[in-house]
Amino acid sequence: MRSIEKLRPVRYDDLTGFKFGDYHSSQFGLIRVSNGSRYNEYLLPTLKNTTTDVPGMEGTLYFGTQKTTRSFQVDMAFDSLTEEDIRDIREWLTGAHSLIFDERPYIQYMCILNSAPQLKYLTFEENGERIYKGELSVSFVSYLPYGYSIDKKKFIDDFLDENFEEWSNASHLAYKNFYEGETLHTYDKFEGNNVYVYNGGDIEADYVLTCYFTEGVTAKVSMNDVSYEFSLRAKSANSTHLELSVNSKLQYARCRDVSIANGVITGISDYEIVLPSTEMFKIPVGQSFITCTNIDTSAPNVIDYKYRFL
């Protein structure tokens with residue numbers, strides 16, 4: 001792959017381009033186009049119904065529906081591809097990468113090619129060099145049924161895209177800082193025992209919550225009217241804190257002895273699995289307020305999560 005400086009400049013605009021991995025389609029002289037004057041898009045992931053037939057009984061028993069994969073068909077046009085461009089495009093489309101469309105720059109899908117891309121072209125000569133003009137069709141598939149928020153870009157003020165006005169209102173993303181009454185708050189930033197979180201996706205979100213304790217206590221995590229607890233052992237004599245890392249997707253937490261000095265965290269012991277008192281909640285769509293009891297409020301407590309989009 002040639003260096004970025006030798007590729008074309010990036011151009012963002014609705015329905016004309018996308019980013020796959022580290023590169024944007026416009027850097028290779030590709031323009032996304034509609035096929036037959038219309039764009040095609042699946043509104044939902046591929047659905048798989050679980051059913052069974054029972055001999056002697058009319059009808060079919062239905063046991064639920066699973067979301068399986070997500071497919072994307074992208075048609076592009078080009079009018080000045082060189083041999084070097086085509087070699088770069090082959091390398092660009094190889095492997096698994098995040099796929100981000102210009103019209104929804106806040107959603108990424110983890111994709112690979114679903115079939116071999118196909119070029120249709122005519123060749124011309126310009127300045128003694130062969131030039132290709134034609135179309136390119138690419139089919140992507142994601143084996144995760146959802147799209148996810150962009151790494152470190154969950155809030156509306158994280159984006160400065162040229163087409164910002166065209167998608168920002170429909171994105172349902174919030175500003176990172178907000179007022180409640182006359183008090184200014186920041187999402188995902190602990191304020192004592194509490195932290196405001198915001199889920200801008202379409203469905204509830206999983207999270208990893210990491211908190212620090214100076215002694216063995218009962219750690220209670222609450223949100224709205226639901227909560228769960230962990231019973232923590234006493235910390236070792238050569239550590240300053242117990243680190244509790246809660247994973248709502250796996251439905252358990254990991255605990256270890258750590259030493260915190262000048263903002264640097266050093267692990268003292270191996271992780272131990274700790275089970276919650278009841279099922280852990282997930283973060284619903286919209287704003288939520290989480291409270292963690294008995295934590296050291298001066299420690300670097302943090303919560304990490306991604307939005308999920310249908």
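F124 has I131 as its bridge partner in β10. The model is predicted, so local features need pLDDT of at least 70 and side-chain atom pairs count only at pLDDT 80 or more, while totals for chains, interfaces and linings use all residues. Residues are numbered from 1 along each chain as its sequence is written, and side-chain values use heavy atoms, with hydrogens and water left out.

Strands β9 (residues 118-126) and β10 (residues 129-142) run antiparallel and are joined by nine bridges. Strands are DSSP runs of E, at least two residues, numbered from the N terminus; two of them pair if DSSP finds at least two bridges between them. Two residues separate β9 and β10 in this hairpin, and N127 in the turn has a positive phi of about 55 degrees.

## Nonpolar core

The largest nonpolar core has 69 residues, of which F140 and F230 touch the most other members. Strand β6 (residues 70-81) gives the most to this core, with five residues. Such a core is a set of buried Ala, Val, Leu, Ile, Met, Phe, Trp, Tyr and Cys residues joined through side-chain atoms within 4.5 Å; buried means under 20% relative accessible area (1.4 Å probe, protein chains only).

Beyond four places away in sequence, the contacts of F230 (heavy atoms within 4.5 Å) include V217, L244, V274 and M280.

## Aromatic residues

K154 lies over the face of Y305, 3.3 Å from the ring centre; the criterion is NZ of Lys or CZ of Arg within 6 Å of the ring centre and within 35 degrees of the ring normal. R254 lies over the face of Y271, at 3.8 Å from the ring centre.

Definitions and conventions:
Helices (H or I, at least four residues) and strands (E, at least two) are DSSP runs, numbered from the N terminus. Buried means under 20% relative accessible area, exposed over 50%, partly exposed in between (1.4 Å probe, protein chains only).
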